[in-house]
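Me: Could you walk me through this model, starting with how its pieces sit side by side?

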Amino acid sequence: MITRLGFAALRAGIAPPAQRLVTRYQEQWAFKRLLERLRITLLLDVGANDGSWAQSVRLMGYKGRIASFEPNPTEYENIRSRAAGDSDWSAECCALGSAEGTLSLNVIGSNSVFSSLLTPTKTPPVSKVVPVPVHRLDGIWDRLVGNDDRVFLKTDTQGYDLHVLQGAGERLKDIAGLQTELNVVKLYKDSPHYLSVLEFLESNGFEVTELRPLHHTKEGFILEFDCFAARASAMTTAAGA
């Protein structure tokens, strides 16, 4: 009966009701379960922006350590404010990439979440350029990661994620799972094609657990995905499986 009503609504052109809260809950639940199945003890939050992502992970019940990295000095101060009183949440004002050095951060004033080390092509205009230090993940690994840590890498660097992954070097094999953005539409100059990023992940032993569409063009085409991936050897059996 319900199925027939559903098809009748489709024939009549009735749009489904908005259920963003339910969808968001399902997304957060899937992510929480992934962290649990990987038994994560350390989250590397690269491109942390104002720290809201890390804070949401805390709110969902994650009790392990978090290390946030944000090159924008203004947003870095926001992270420090959010992390105040949380002894297991550290923050550094720097970027991570494939080479040590200093690069120019293109800051998007109207929405700093779009700020990037790459030149934007389809985002709001750059309001200022800030020189920022860049480190390789494998160069700072030993002071971040303990012998018994199980690491999850989240990288949200607006087209620069592949550089972050490459900067992990041989330590990439010690990362149990990750979350990274895949640009389908080239939003930044010199950003890699999303299929090349997937090929890189698969060639380094990761398997995709979820591809989550983030934004669409006005014509309905996907702009980018959130990609979740993990090593099969690191996964425990899901409850009830």
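Me: Which residue in strand 8 does Val 151 stand opposite?

Reply: Val 151 stands opposite Ile 175 in strand 8, where strands (E, at least two residues) and helices (H or I, at least four) are DSSP runs numbered from the N terminus. The model is a predicted one, in which local features need pLDDT of at least 70 and side-chain atom pairs count only at pLDDT 80 or more, while totals for chains, interfaces and linings use all residues. Residues are numbered from 1 along each chain as its sequence is written, and side-chain values use heavy atoms, leaving out hydrogens and water.

Me: OK, and how many bridges join strand 7 to strand 8?

Reply: There are 5 bridges between strand 7 (residues 151-155) and strand 8 (residues 175-183), and the two run parallel. Two strands pair if DSSP finds at least two bridges between them.

Me: What order do the strands of the sheet come in?

Reply: The open sheet has 7 strands in the order 3-2-1-7-8-10-9, with mixed pairing. Its edges are strand 3 (89-92) and strand 9 (207-216), each of which pairs on one side only.

Me: Which helix packs on the sheet by touching strand 8, strand 9 and strand 10?

Reply: That is helix 7 (residues 194-203), and its direction makes about 170° with that of strand 8. Contact means heavy atoms within 4.5 Å, and the angles, from 0 to 180 degrees, are between N-to-C directions of axes fitted to C-alpha atoms, for helices over the stretch in contact. Helix 4 (residues 73-83) lies across strand 2 (65-69) and strand 3, running at about 165° to strand 3.

Me: Switching topic, how many aromatic pairs are there?

Reply: A search of the whole structure gives 4. In the pair of Phe 31 and Trp 53, the ring centres are 5.9 Å apart and the planes are at 50°, so the pair is tilted. Rings of Phe, Tyr and Trp (its six-membered ring) pair if their centres lie within 6.5 Å, and planes under 30 degrees apart count as stacked, over 60 as edge-to-face and the rest as tilted. Phe 31 is in helix 2 (residues 20-38) and Trp 53 in helix 3 (residues 52-59), 22 residues apart.

Me: Is Phe 31 buried or exposed?

Reply: Phe 31 is buried, because its relative accessible area is 4%, where buried means under 20%, exposed over 50% and partly exposed in between (1.4 Å probe, protein chains only). Trp 53, at 16%, also counts as buried.

Me: What about Phe 31 and Phe 228, how far apart are their ring centres?

Reply: Those centres are 5.8 Å apart with the planes at 55°, so this pair is tilted. Phe 228 lies in strand 10 (residues 222-230) and Phe 31 in helix 2, so the pair ties together parts 197 residues apart in sequence. Phe 31, Trp 53, Phe 152 and Phe 228 form one aromatic cluster.
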